[in-house]
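Here is a short note to read beside the model. Keep the structure open as you go through the points.

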Amino acid sequence: PTLTDDQLRDNRLRLQAYLQQNRSTQETGPLLAELRQWAPELLEGDVLIGFYVDGMLSPLLQAGYLTEAWSLLPDLLSALKMSIGDRYSDHLRRFSKLFAAETPALDAVGRDHLIQFLTDLWNTDAQRGIWRTIHSIAGTLPLILALCGPQSLVDIALLANEEGGSWLPPS
């Protein structure tokens, strides 16, 4: 059976209601799987990224469904890979602030998921050029700060100052 975009939106709202009611993963799991299957089929670009961040990740985190939130990170990464334009940093900043608020409560597994996400994101963005990488790092600064502390931001700036000249092609 296929889903329409209206049904997708309704199911996202249903998932949020289930999460607010603390329903079991047996009830939320199939709905989450259906949303993950159909979202990339029916949505694209900014709308898909917003659907993942605001419509799924935020409610999952608020309800404490961390395992389910981690399972969505590859989907978000795939959507972000297709993102172009000025909104890229904005999407990353929204995602970063959402997870930065959760970092004090995260265990090592959660931190590892986020660090792996950032590593995969930056590796992908580095292949797309220096400006994409700059926007990627800028958008994820709130999460870097929350995960690694203020010294990490100083380290990034020092690295850029020391090695940045070699990052650009010769003119």
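Which residues does L76 touch, not counting residues up to four places away in sequence?

1. Start with that contact list. L76 touches I49, Y52, V53, L57, F95 and F117. Neighbours up to four places away in sequence are left out of this list. Bear in mind that the model is predicted.

2. Now place L76 in its setting. The largest nonpolar core has 42 residues. L76 is among those with the most contacts inside this core, along with Y52, F95, F99, L114 and F117.

3. Next, ask where the core comes from. At least two of its residues come from each of α1 (5-20), α2 (25-42), α3 (45-63), α4 (66-82), α5 (87-100), α6 (108-127) and α7 (130-148). The most come from α3, which gives 9 residues.

4. Step back to the whole fold. The protein has 8 helices and 0 strands. Its radius of gyration is 17 Å, close to the 16 Å that the globule rule gives for 171 residues, so the protein is as compact as a globular protein of that length. The C-alpha atoms fill a box of roughly 55 × 35 × 20 Å along the principal axes.

5. Take the contacts with a separation of 6 or more: 64% of them join residues 24 or more positions apart. Of the 171 residues, 40% count as buried.

Notes. Residues are numbered from 1 along each chain as its sequence is written. This is a predicted model: local features need pLDDT of at least 70, side-chain atom pairs count only at pLDDT 80 or more; totals for chains, interfaces and linings use all residues. Side-chain values use heavy atoms; hydrogens and water are left out. Helices (H or I, at least four residues) and strands (E, at least two) are DSSP runs, numbered from the N terminus. The radius of gyration is taken over C-alpha atoms; the globule rule is 2.2 Å times the number of residues to the power 0.38. Buried means under 20% relative accessible area, exposed over 50%, partly exposed in between (1.4 Å probe, protein chains only). Contact means heavy atoms within 4.5 Å. A nonpolar core is a set of buried Ala, Val, Leu, Ile, Met, Phe, Trp, Tyr and Cys residues joined through side-chain atoms within 4.5 Å.
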